[in-house]
Amino acid sequence: MGFFSDFKASLMKGDVLSLATAVVIGAAFGKVIASAVEDVIMPVVGLITGGVDFTTKFIALNGQNYTDLAAAKTAGAAVITYGNLVQAIINFVIISLFIFVILRAAEKSKKKEEVIVAASGPTQEELLTQIRDLLKK
């Protein structure tokens, strides 16, 4: 009985709940970023590269020229799909840029909030001076 109550107490600690929350939010944020990359940014990249679909680029190791990847795989040829690597690198760069922009905006927003909060009230010295003056009366 002690094991399960200890396990339950461990799960209910703030660190574990914060981690679980971060994982769920991270997964949801990952879907948003994936959608932004696939649905918004990659069409623009496709336009810039002349409509090239990198995922269809491959090299057949048997030396044959195949019209597409499906034909090469149907023929049983070993293939290096270098286009998938190029696509993954492009996705990584775009996602990294996207996250950088979001974090930069959040950082600037946080700094503005800190400035507003710091400037809004009297300083500790001013409060102590007011207390001293009130005690003198």
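**Notebook: core, fold and outline**

I began with the largest nonpolar core, and found 7 residues in it: I33, V37, M42, V45, F54, I90 and I94. By nonpolar core I mean buried Ala, Val, Leu, Ile, Met, Phe, Trp, Tyr and Cys residues joined through side-chain atoms within 4.5 Å; buried is under 20% relative accessible area with a 1.4 Å probe, protein chains only. Two or more residues of this core come from each of α2 (14-48) and α4 (82-120), and α2 gives the most, with 4 residues.

A note on what I am reading: this is a predicted model, where local features need pLDDT of at least 70 and side-chain atom pairs count only at pLDDT 80 or more, while totals for chains, interfaces and linings use all residues. Residues are numbered from 1 along each chain as its sequence is written, and side-chain values use heavy atoms, with hydrogens and water left out.

Next I looked up I33. Beyond its neighbours within four places in sequence, I33 is in contact (heavy atoms within 4.5 Å) with I95, F98 and I99.

Then I followed the fold. I counted 5 helices and 2 strands, in the order α-α-β-α-β-α-α. These are DSSP runs, H or I of at least four residues for helices and E of at least two for strands, numbered from the N terminus.

Last came the outline. The C-alpha atoms fill a box of roughly 100 × 55 × 20 Å along the principal axes. I also noted that buried residues make up 12% of the 137 in the chain. Of the contacts with a separation of 6 or more, 47% join residues 24 or more positions apart.

Key
Buried means under 20% relative accessible area, exposed over 50%, partly exposed in between (1.4 Å probe, protein chains only).
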